[in-house]
Amino acid sequence: MKFIPITLLLFLFFQPAVQAQATGSRYIWTPQELENANTAKNTSYLNEEEKKIVFYMNLARTDGEKFFNTFFQDFVNAYNAEMQQYSNYEELRVNRKDKYYRGLQQDLKGVKGLPLFSPDETLTWIAQQHTKDMNKNNIAGHHSSDGRSPQDRISKYYAGRAMAETLAFGFSKGLANVSMLLLDKGVPDLGHRRTILGTSYKLRLVGVNIRQHPEYKYCAAVDFISSPPQ
């Protein structure tokens, strides 16, 4: 059984309000692209922001350069404006000159037409159990309060599949979670970015949950597995 690295993203601030719009003469999303990316639209077990996590990950895989120049820029503009109220703004802001921003820009240029993620109800239930545990016990990590790892939790239901888990803290909105996971600021191995944009392990199904957290206000878990063996 193959496993890709399990990664964690931690931010210690609140979520700004974001209304992302795709604009710009060179970067217009077609109705068909938007429809294709919205694979979670009819799921009853995801709320609207959880559906948007799937949607924005799929848009980044559909056309990385277009995503970077539309929705990601909308997020950065709104987020940086919100962060100006804090004394440590220079530390919190998304710096368009730093290596994480420029690295993401370069990486997304090479992304086009990748297979899309689809939601999975059982995997979402697994993600929900972990966010409930983190909320109840005020923990922030991949291991459950009883010591179980993501592999333990996921392989119980999906043995023999490639899997991954990404966690983010501090954001209630789908676009914010996806944008910060892709940016991967402060994560040297860029594990979140590689998971969302990767193809090597053929990750296709996702489970998503956003929940309140006692210390970081919100936590989000996104679990991934590969397609069933042929």
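1. Basis of the note. The model is predicted, so that local features need pLDDT of at least 70 and side-chain atom pairs count only at pLDDT 80 or more, whereas totals for chains, interfaces and linings use all residues. Residues are numbered from 1 along each chain as its sequence is written, and side-chain values use heavy atoms, with hydrogens and water left out.

2. Strand β5 and its cover. Strand β5 spans residues 217-226, where strands (E, at least two residues) and helices (H or I, at least four) are DSSP runs numbered from the N terminus. Of the 10 residues in β5, 9 are buried, and the strand is mostly covered; here buried means under 20% relative accessible area, exposed means over 50%, and partly exposed lies in between, with a 1.4 Å probe and protein chains only.

3. The partners of β5. Strand β3 (residues 163-169) pairs with β5 in the antiparallel sense over 7 bridges, two strands being counted as paired if DSSP finds at least two bridges between them. Within this pairing, Glu165 has Asp223 of β5 as its bridge partner. Strand β4 (residues 203-213) also runs antiparallel to β5, to which it is joined by 10 bridges, and Leu203 has Ser226 as its bridge partner in β5. The two strands β4 and β5 form a hairpin, with 3 residues between them.

4. The whole structure holds 11 salt bridges, a salt bridge being a side-chain nitrogen of Lys or Arg within 4 Å of a carboxyl oxygen of Asp or Glu. Side chains of opposite charge can pair when their charged atoms come close.

5. Lys173 forms a salt bridge with Glu49, and their closest N and O atoms are 3.9 Å apart. Because Lys173 lies in the loop between β3 and α9 (174-183) and Glu49 lies in helix α2, the pair ties together parts that are 124 residues apart in sequence. Lys173 counts as partly exposed at 32% relative accessibility, whereas Glu49 counts as buried at 17%.

6. The side chains of Lys112 and Asp63 meet in a salt bridge of 2.7 Å from N to O. This pair links distant parts of the chain, 49 residues apart, since Lys112 is in the loop between α6 (99-109) and β2 (118-119) and Asp63 is in the loop between α2 and α3 (64-69). Lys112 is exposed, with a relative accessible area of 56%, but Asp63 is buried, with a relative accessible area of 8%. Elsewhere, salt bridges that share partners join Glu49, Lys52 and Lys173 into one network.

7. Two positive phi angles. Most residues other than glycine have a negative phi. Leu190, in the loop between α9 and α10 (191-197), has a positive phi near 50 degrees and counts as partly exposed at 21% relative accessibility. Lys217, whose place is in strand β5, has a positive phi near 75 degrees and is partly exposed, with a relative accessible area of 37%.

8. The largest pocket. Its volume is about 250 Å³, and the 12 lining residues include Ala162, Tyr201, Lys202, Ser226 and Ser227 as the closest to its centre. A pocket here is found on a 1 Å grid over the protein atoms alone, as an open set of points where a 1.4 Å probe fits, with protein on both sides within 12 Å along at least five of seven lines, and lining residues have an atom within 4 Å of a point. Grid points are joined across faces, edges and corners, and the volume is the space filled by probe spheres set on the points. By class, the lining has 4 nonpolar, 4 polar and 4 charged residues, with Ala, Val, Leu, Ile, Met, Phe, Trp, Tyr, Cys and Pro counted as nonpolar, Asp, Glu, Lys and Arg as charged, and the others, Gly among them, as polar.
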